[in-house]
Amino acid sequence: MTWQHTIYAYPTLIATAVSLVLAVYTVLHIRRHEPSPTTLSFVAMNVAIVIWTLFSAIKLLSTDPLIKFQAYRLLYLGGGSIGPFLLLFTLAYTDRTRWLRRRFVVGLFVVPIVFWTLLFTNPYDLVTVETYLVDVDGLVVLRTTTGPAYAVFSFTYALVMALLTLAVLLSETIKQGRSYLPQSVLMVIAVVTPVLVSFLTSANVPPFTLESVNFVPASAVISSIALGVATFRYRMLDLRPIARRTVIEHSPDGVLVLDRAKRVVHANDTAATVLGPASPAVGNSLEEVFPGFDLETASTVTLDRSSSTGAADFLEIRSQPLRRQGDHVGWVLVLRDVTTRIRRERDLENFTSVVSHDIREPLRTIENYLDLLEDNAALEEGDRELLTTAKENSRQLQGMVTDLLQYSQLDAGEESFDRVDCDRVVADVLETLQFEIEDRDATVVVDDLPTVVGNDHQLRRLFRNLLTNALKYTDDSPEIQVTVDELETEWAFTVADDGIGIESSDLERIFDLFTRADRTDSASGSGVGLAVCKKIVEQHGGQISIESTPGDGTEVTFTIPQPRLKSDRPVSPRPSPSHSG
């Protein structure tokens with residue numbers, strides 16, 4: 001057995017190596033995740049490429065006629081199955097799983113199986129009429145004279161598989177748009193390259209001539225590299241077009257995509273279910289769908305549609321600008337039916353209001369009787385201390401009931417959002433807290449604060465609660481700072497103090513309702529204030545967090561989104577207000 005060296009074998013062996021790496025990578029991917037039609041067909045396709053290119057290289061490198069002939073027959077075990085596996089992979093990759101049934105898969109391999117049977121048995125010279133060796137530029141090359149079945153079962157079938165695969169890819173590219181273009185181009189390159197080289201060879205176009213070395217297996221290196229780039233650069237096995245259908249088309253939320261002219265360009269099926277008869281058609285304007293809805297100021301709003309003919313009485317709408325490469329190209333609206341949630345919240349509010357009233361009245365009566373007892377009864381010192389404790393507990397319970405009622409009444413869906421000057425809000429809050437600031441000999445320093453989109457009343461309560469806590473849970477002469485950082489899409493506000501701090505064991509549940517930090521008995525609160533702060537921040541689409549070290553102070557940070565408004569103008573800077581006792 002002798003071998004010959006040729007540079008023509010290098011591309012073919014590189015294709016073998018790349019496809020082997022892709023097959024191994026996909027097997028490891030399957031072990032980490034569950035197997036799927038996409039990954040299984042991708043493994044099979046790459047194994048087929050390995051078989052085809054490996055035996056093609058052996059056929060080219062060997063000078064032994066028997067080895068060349070056996071390699072010639074064996075390479076078709078891979079080459080004949082690449083087309084079906086590639087089509088199966090493309091169908092799975094594009095979520096056309098309804099085609100991936102046993103009968104269809106078996107049907108795809110009927111032609112290859114028949115061809116392989118005829119190839120190895122060769123009755124009546126249907127596939128191979130004659131094989132012989134020729135010298136091509138010093139290389140020993142196997143030539144074959146093919147029979148009538150070869151063109152039908154090999155070349156024609158492979159072309160049909162390639163055309164079907166291209167049709168599926170192009171169809172998906174049109175549906176997906178530019179986001180799918182890189183993967184689509186790479187897949188098209190992988191499919192077209194061997195077919196194109198085979199066509200040029202059949203047409204005897206130099207250097208792809210019938211008298212030269214067969215370049216079709218060598219062209220597989222381009223296909224393998226294209227698949228490799230699509231797999232590793234564009235995460236083809238992880239982020240597939242199926243994700244769009246799963247997330248958008250099969251989403252439990254309605255999704256509307258608008259262009260820059262605020263006209264509907266896409267609506268999923270859930271949007272039609274949520275909106276009912278008011279469901280938009282492609283081309284409808286936003287005004288036709290949601291009259292009076294202002295995309296420029298809204299980020300998350302809840303619409304009361306109980307008087308309309310919509311399927312959802314209460315609809316939560318989250319809007320977000322759609323950008324591509326820095327350019328604004330439209331908007332995405334996510335629609336959620338919150339009818340059940342709103343009704344439950346209202347029932348809870350009504351229940352809380354009734355309970356609060358029913359508890360308040362007995363508490364007032366108890367406190368009045370305790371006052372009468374204190375004024376009219378001759379009590380000893382110990383009895384008076386017990387009476388004072390009872391009155392304090394009664395007042396604290398009344399405060400908790402009041403806070404609970406305020407918490408239950410927080411509902412951004414019923415309160416309007418507008419431009420709120422946080423400088424003015426904090427200045428007003430500090431003015432109402434002036435007595436406490438002077439009494440504690442406190443210093444409060446406030447940064448230049450921005451104008452945000454929110455609810456004035458709620459933001460006022462948010463800053464008041466945080467500043468009140470900062471004043472309450474501190475030693476004498478506290479220093480309090482209100483600062484802000486401008487992030488990419490939101491403002492991050494921080495209220496910091498140098499007070500007594502909070503134990504780390506209390507931080508985990510500090511924002512839960514009725515959770516109080518174990519600080520001092522004299523400074524104990526109702527455990528509702530920070531829960532109110534959290535609810536206000538979340539209703540504004542932000543997040544709130546707290547950091548604290550016992551003895552060093554506490555920092556509460558919350559974010560407020562900053563949607564871009566048409567009427568946004570730079571806010572004139574003003575001197576940082578500083579309040580001190």
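In the predicted model, Thr-193 is part of helix 7, which spans residues 181–202. The relative accessibility of Thr-193 is 13%, and the residue therefore counts as buried, the limit being under 20%. Within the chain, a polar atom of the Thr-193 side chain is placed 2.7 Å from the backbone oxygen of Ile-189. When residues up to four places away in sequence are set aside, Thr-193 touches Ser-219, Ile-222 and Ser-223.

Strand 1 covers residues 128–136 and strand 2 covers residues 139–146. The two strands run antiparallel and are joined by 8 bridges. One of the pairings involves Thr-128, whose bridge partner in strand 2 is Thr-146. Together, strand 1 and strand 2 form a hairpin, with 2 residues between them. In the turn of this hairpin, Asp-137 has a positive phi of about 50°.

Cysteine residues were also examined. A disulfide is a covalent bond between the sulfur atoms of two cysteines. The structure contains 0 disulfides. Cys-422 has a relative accessible area of 2% and is therefore buried. Cys-533 likewise counts as buried, because its relative accessibility is 0%.

Notes:
Residues numbered from 1 in each chain as written. Predicted model: local features only at pLDDT ≥ 70, side-chain atom pairs only at ≥ 80, totals over all residues. Heavy atoms only, no water. Helix = DSSP H or I, 4+ residues; strand = E, 2+ residues; numbered from the N terminus. Buried < 20%, exposed > 50% of the residue type's maximum accessible area, 1.4 Å probe, protein only. Contact = heavy atoms within 4.5 Å. Polar contact = N/O pair within 3.5 Å; in protein donor to acceptor, adjacent residues only side chain to side chain. Pairing = 2+ DSSP bridges. Disulfide = S-S within 2.5 Å.
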